[in-house]
Amino acid sequence: MKKFALVISTILVLSMLLTACQTAPTAPTQAPAEPAKATEPAKPVEPTAAAAGPQTLIVWDQFYRDVESKVMDTLNKEFETAHPGVQIERVVKNLDDLKVTEKLALAEANGPDVAQVNQGRSDMGALVQANLLLPLNDYYTKLGWDKIVTSSIGSRNSFTTDGKTMGSGNIYGVSPTAEVVGVYYNKTLFKKNGWTVPTTFEDFMTLLATIKTAGVTPISFGTLDGWNAIHEFSAIQHLLVTPEYINNLVFGMNNVSFDTPENQQAAQLLLDIAKAGYFTDGYAGIGYDDSNKTFKAGQGAMTITGSWLASELIAGTDQEFGFFLLPGMGGKAGMAIGGVGIPFAIRQGTTKADLAAEYLSWMISPRAAQLWAEISYMPAMEVPADTKIVEGSLFADTLKAWNTVNKASLVGHYIDWATPTFYDTLVAELQKLLGGVTTPVEFTATVQKDYADFLAKQK
Amino acid sequence: MNRLHAYPGESKVHGLVYLLPGLLIYLIFTFWPVLQTVHTSFLNWEGLAPQKNFIGFANYVQVFTDSKFWLALSHNLIFIIFYCLIPIFIGLFLASLLGRYPLKGFTFFRTLLFLPQVLSMVVIGVAWRWIFNPTFGPLNLLLRAIGLSSLARPWLGDFALALPAVGAVGTWVQYGFCMVLFLAGMQRIPTEYYEAAALDGANAWQELRYITIPGLRAEIGVALITTIIAALRVFDLVFVTTRGGPGEATLVTGFLVYRSAFLQNQTGYAAAIATILTLIILAISLLIRKYQAADAWSKE
């Protein structure tokens, strides 16, 4: 027994000593240009000629759904054909898994060369701060991306090198797809009941009442997953605020507050809709996917979510669907939540930066736009003229909506980008608002506390 | 003496050699990361950059002054009722009913009851999320079918009922385990005790109190430790069903650790929560072991 205890204690002590060897705190890095690896000496990134010998490009993406995954496979295969000797090693995960694992993988020497990195502070911002992403400014001009991507869109994938200020600084990603949040409606149900697409927000509210009287669920909705409630609230918010305000809020500029009359009014309107029973019965216990499934099956007149759902609503149903932008107050053109999809970024430590940049070009090429359009996904770049888009189809609707807000500079933001904790705070507080636990005034005040804390830390 | 043959009093170092492979794997993959986590809890680290600053107990102070931590811990304690107390109660009750009399097809039932323990918690969470669905979930459909539609509600989205609903899933997972454990333990209790008690005029409740429960002391101890640990470290069930919602109604410390470390990039803070949780679990386990040891030899 004594010997046993002795052996165990020795092992324990040895483990402690090994830990102590790692305890020496490292001084904070000074030059932001230093690569992030702590154990290797600084290695300059050597640009390699794109077609020099057999190479493997490791790409991580989150296009796991069947239809979108096929597009990626096609694009990858065509890239390999156009670049002989290059192999694409593709790793696909859903967004949650990707967010968590890539933060670790991007710091590794054999990590992905290209990865889709979620915009916002907790993902792209954190990675930029840790110096793990390659600034793409040179490639933007060299490879002609500045002709494909407007500066307003490009700013959404930009951060200053300290990772603190979004919307300015270096560009770190290119997005292949675009998104706009609006209202899907069941054309079959609308035709049957003689309902028409509203052109003012007031008409929209009247329509909700009419639909409810007819015994149909006006808006298919469920808050169990939380995040789609942010879109529900923010879609109304976007009709009441200015583009400058949303920019300031999300990019952390000019010290704006979340506790404003407009936000309170938006919260009140959302609460009114919920209290009037315009959402699915028992929405508090229904998840996002389940809510969409019932909408697709024809059990709801409308649903408010993003253009990404379009491809799912096209096949496998006997219902016909359309899409319209949430109309503004008094018919005035309002902003719509939107932006570009999750961008592709390049790992700072990659040895194949040029090849990776060419891959990024491939992802925003006209061919890519064509493939995305064919599965009714909205590309961020212009669709080639010969792409077949059926007039009056669901996809044509979403594309028209995007073009409308994009050309009028009325593309808003996902407000959960504003702080690293905004997503969690908004989800929790919206659930409390809709559950009757808090009032609109308390809602904006609590959310503002999160925002104010964050702004204070940024100084 | 030929040391290769086992005999009483043989040196225990010999046995240690056989333990070494397993011990090594445990040390490298379990013990070492635990030490790393404790180390991280003293740092100001967001999980990405190589720079880590030693900040002493600042993370711990932050944890103890964070109202969300205490709220999450209170939810874990409520889960102890669902994961530990109710299953043990059900297990004892059923074991005392069935343990004395051999049942036909008992092996089959034993396997069936133990099945929730074998299933992945994620699978269980997804299935129960569907069961609790307000529109087409079997629970509400059943309530409406038997005329109790006033009770049908959005279980996982209700601020008051979400925690008990998730807790009920925990009860479902654990009670079979407790029952199988106690039934096995009852085989060890000599039937003469029950016969003697019956001769003395003991009723069922007295039999339970004076023979069954004391006889099952070891098994109850095991059940307590296992289920309390399950209640304190629950994460996957909450993640799959409610993600801590609605609001913070089902927030638990495990989810707080995940959120802080991986979503909010506060790895040092998350490590502090994890370390505190580990210490709480250790303390409770030691207490239960002490309770067990105190009476281990007093009844035999």
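In H8(A), the buried residues are Phe201(A), Phe204(A), Leu207(A), Leu208(A) and Ile211(A); buried means 20 or more other C-beta atoms within 10 Å of a residue's own, exposed means 12 or fewer, partly exposed lies in between, and C-beta atoms are placed from the backbone. This is a predicted model, in which local features need pLDDT of at least 70 and side-chain atom pairs count only at pLDDT 80 or more, while totals for chains, interfaces and linings use all residues. Residues are numbered from 1 along each chain as its sequence is written, and chains are lettered from A and ligands numbered from 1 in the order in which they are written.

**Helix H8 of chain A**
- Seen down the axis of H8(A), the buried residues fall within an arc of 105°, so they line one face of the helix; the arc is that of the directions from the helix axis to the C-beta atoms.
- Thr206(A) and Thr213(A) are exposed, on the face turned away from the buried side of H8(A).
- The buried residues of H8(A) pack against helix H9 (227–240) and helix H11 (261–275) of chain A.
- Helices (H or I, at least four residues) and strands (E, at least two) are DSSP runs, numbered from the N terminus.

**Helix H4 of chain A**
- Nine of the nine residues of helix H4 (residues 121–129) of chain A are buried, so this helix is largely enclosed by the rest of the structure.
- Its buried residues pack against helix H3 (95–105) and strand E4 (158–159) of chain A, together with helix H12 (253–263) of chain B.

**The largest nonpolar core**
- This core has 184 residues, and Leu127(A) and Ile273(B) touch the most other members; a nonpolar core is a set of buried Ala, Val, Leu, Ile, Met, Phe, Trp, Tyr and Cys residues joined through C-beta atoms within 7 Å.
- Helix H7 (residues 162–186) of chain B gives the most to this core, with 15 residues.

**Where chains A and B meet**
- 43 residues of chain A are in contact with 39 residues of chain B, contact being C-beta atoms, placed from the backbone, within 7 Å.
- H1(A) gives the most to the side of chain A that touches chain B, with eight residues.
- That side of chain A has 21 nonpolar, 16 polar and six charged residues; Ala, Val, Leu, Ile, Met, Phe, Trp, Tyr, Cys and Pro count as nonpolar, Asp, Glu, Lys and Arg as charged, and the others, Gly among them, as polar.

Technical notes
Contact = placed C-beta atoms within 7 Å.
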